[in-house]
Amino acid sequence: MTAILILNGPNLNLLGIRQPEVYGTTTLADIEAECQTKARQLNVTLDFRQSNHEGVLIDWIHDARQAFDGIIINAGAYTHTSIAIMDAIASVSVPTLELHLSNIHEREDFRRVSYIGNVAFDLIMGHGAKGYPMALERIVTHLAQT
Ligand code: CA2
């Protein structure tokens, strides 16, 4: 069965808990539950993880080489800074989809730069929590075509 890994970067554990006026009231646990439902509908297995640590995210990307068919990553602020995460994704050759809650092209200038974008096959952003199940559908379609 197709296996998908969803990775969430720094501060996303605070979703729905802090600054709901900025990031909404949906928690990361709510998002995971919705993704697990979508994964069952799509007949894929899903591992959903979050870390505030760059090295942990990199270790998980390395693990994906053996265990997963596709990666969806919301790298949080590491999106805009981490050549190391970009290199890790490039090194594993696992199709990777970049995901963001917000539209990073319509925010501050420093969010316009995405290192992940250099190695991802597609980008979903600006749909809030709904972007997560959308990303699952997108990656499953992509994997079926390759
Ligand atoms: O839009 C996205 O998904 C982001 O990856 C979210 C990151 C931000 O740094 C990126 O530029 C775009 C920030 C996630 C922070 O999440 C929080 C949630 C609640 C309270 C505070 C932060």
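## Positive phi angles

Serine 93, which comes just after helix α4, takes a positive phi of about 55 degrees. Helices (H or I, at least four residues) and strands (E, at least two) are DSSP runs, numbered from the N terminus. The model is predicted, and local features need pLDDT of at least 70, side-chain atom pairs count only at pLDDT 80 or more, and totals for chains, interfaces and linings use all residues. Residues are numbered from 1 along each chain as its sequence is written, and side-chain values use heavy atoms, with hydrogens and water left out.

Most residues other than glycine have a negative phi. Asparagine 11 has a positive phi, near 75 degrees, and is placed in the loop between β1 and α1 (20–23). Glutamine 19 also lies in the loop between β1 and α1; its phi is positive at about 45 degrees, although it is not a glycine. Glutamine 19 is partly exposed, with a relative accessible area of 45%. Buried means under 20% relative accessible area, exposed over 50%, and partly exposed in between (1.4 Å probe, protein chains only).

## Helix α4

Helix α4 covers residues 83–92, and its buried residues include Ile85, Met86, Ala88, Ile89 and Val92. These residues span an arc of only 160 degrees around the axis, which puts them on the same side of α4. The arc is that of the directions from the helix axis to the C-beta atoms. The cover over the buried residues of α4 includes α3 (54–67), β3 and β4. Contact here means heavy atoms within 4.5 Å.

## The sheet

Five strands make up an open sheet with parallel pairing, in the order β2-β1-β3-β4-β5. Strands β2 (45–50) and β5 (122–125) are at the edges with a single partner strand each, so one side of each has no neighbour in the sheet. On average, neighbouring strands of this sheet are turned by 20 degrees against each other, direction ignored. Two strands pair if DSSP finds at least two bridges between them.

Strands β1 and β3 run parallel and are joined by five bridges, with asparagine 8 standing opposite asparagine 74 in β3. Three bridges join β3 to β4, again in parallel, and isoleucine 72 has leucine 97 in β4 as its bridge partner. Strand β4 (residues 96–100) is joined to β5 by four bridges, and the two run parallel. The bridge partner of histidine 100 in β5 is methionine 125.

## Strand β3

Five of the five residues of β3 are buried, so this strand is largely enclosed by the rest of the structure. In a regular strand the side chains alternate between the two faces of the sheet. Both faces of β3 are covered: Gly70, Ile72 and Asn74 are buried on one side, and Ile71 and Ile73 are buried on the other.

## Helices across the sheet

Helix α2 (residues 28–42) lies across β1 (3–8) and β2, and runs at about 165 degrees to β2. Helix α5 (residues 131–145) lies across β1, β2, β3 (70–74), β4 and β5, and runs at about 150 degrees to β3. Axes are lines fitted to C-alpha atoms, for helices over the stretch in contact, and angles run from 0 to 180 degrees between N-to-C directions.

## Nonpolar cores

A nonpolar core is a set of buried Ala, Val, Leu, Ile, Met, Phe, Trp, Tyr and Cys residues joined through side-chain atoms within 4.5 Å. The largest has 22 residues, of which Ile4, Ile6, Cys35, Ile72, Tyr132 and Leu136 touch the most other members. Two or more residues of this core come from each of β1, α2, β2, β4 and α5. Helix α5 gives the largest share, six residues. A second, separate core holds 19 residues, among them Leu7, Ala75, Tyr78 and Val94.

## Tyrosine 132 and its aromatic partner

Tyrosine 132 is buried, with a relative accessible area of 0%. Not counting residues up to four places away in sequence, tyrosine 132 touches Ile6, Asn8, Leu12, Leu28, Ile31, Cys35, Phe48, Asn74, Leu99 and Leu101.

The structure holds one aromatic pair. Phenylalanine 48 and tyrosine 132 form this tilted pair, at 6.1 Å centre to centre and with 40 degrees between the planes. Phenylalanine 48 lies in strand β2 and tyrosine 132 in helix α5, so the pair ties together parts 84 residues apart in sequence. Rings of Phe, Tyr and Trp (its six-membered ring) pair if their centres lie within 6.5 Å; planes under 30 degrees apart count as stacked, over 60 as edge-to-face and the rest as tilted. Phenylalanine 48 is also buried, with a relative accessible area of 11%.
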